[in-house]
Amino acid sequence: MQNDRVRNIKKELLSDNWYVLNKFTFDYLKEDGTWETQHREAYDRGNGAAILLYNKRKATVVLTRQFRMPTYVNGNEDGMMIEVCAGLLDGDDPEDCIRKEVEEETGYKIYEVQKVLETYMSPGSVTEVLHLFIGAYEDRMKVGNGGGAEDETENIEVLEYTFKKALKMIRTGEIKDAKTIMLLQYAVTHKLFG
């Protein structure tokens, strides 16, 4: 796809440590017909997938809790975040990725997933496209403890809440993660729990 309002794009690598940070300098055609030079930084961490695991019969959802340093340094008192299961694609198909992440993080082995949304979570600075899924789980699908992959230093706690409690946790501020809020709201608007 080409945008005729953007030209002379120059890319400068600023960091390739944890993920990739590039500085872009480009000319942008304004509404008045004049060109202006702009500078933007874009953080490229790859694309990802996330899933809301739900059990209709028990009216429950499975979430995770883990330490998130960026939230800690920005005022999240203990740095812990309650989130849906998620991970980076790392070259995998989004559906394959999310099935693998579910087993690694939660210990559940699921087969059926349904993609419901695709979103840019922070389009002003991050290139990531996040593929959002829902998937039903049952107790019999539990094949491990979860907690994350050993080599990824995740230290994930697996949580099972009633759907009502999870919604209340949005209102109380216990759940602040955008992808989690979006998927829980999707469950409300699409009446996953009746």
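Predicted model: local features only at pLDDT ≥ 70, side-chain atom pairs only at ≥ 80, totals over all residues.
The volume of the second largest pocket is about 210 Å³, while the largest pocket holds about 1300 Å³ of space.

**Second largest pocket**

- Strand 3 (residues 35-44) contributes 3 residues to the lining of this pocket, the most of any element.
- By class, the lining of the second largest pocket comprises 5 nonpolar, 3 polar and 2 charged residues.

**Largest pocket**

- The lining of the largest pocket consists of 37 residues; nearest its centre lie Trp18, Tyr19, Arg45, Arg68 and Glu83.
- Elements that each give two or more residues to this lining are strand 4 (48-55), strand 5 (60-67), helix 1 (69-72), strand 6 (80-83), strand 7 (85-88), helix 2 (94-106) and helix 4 (178-189).
- Helix 2 supplies the largest share of the lining of the largest pocket, 4 residues.
- Of the residues lining the largest pocket, 15 are nonpolar, 8 polar and 14 charged.

**Sheet 1-2-3**

- An open sheet is formed by 3 strands in the order 1-2-3, with antiparallel pairing.
- Strand 1 (6-15) and strand 3 are the edge strands, and each pairs on one side only.
- On average, neighbouring strands of this sheet are turned by 20° against each other, direction ignored.
- Strand 2 (residues 20-29) and strand 3 run antiparallel and are joined by 10 bridges.
- Tyr28 has Glu36 of strand 3 as its bridge partner.

Technical notes: Residues numbered from 1 in each chain as written. Heavy atoms only, no water. 1 Å grid on protein atoms, 1.4 Å probe; cavity = no way out; pocket = protein on both sides within 12 Å on 5 of 7 lines; lining within 4 Å. Points joined across faces, edges and corners; volume = space filled by probe spheres on them. Nonpolar A, V, L, I, M, F, W, Y, C, P; charged D, E, K, R; others polar. Pairing = 2+ DSSP bridges. Axes fitted to C-alpha atoms, helices over the stretch in contact; angles between N-to-C directions.
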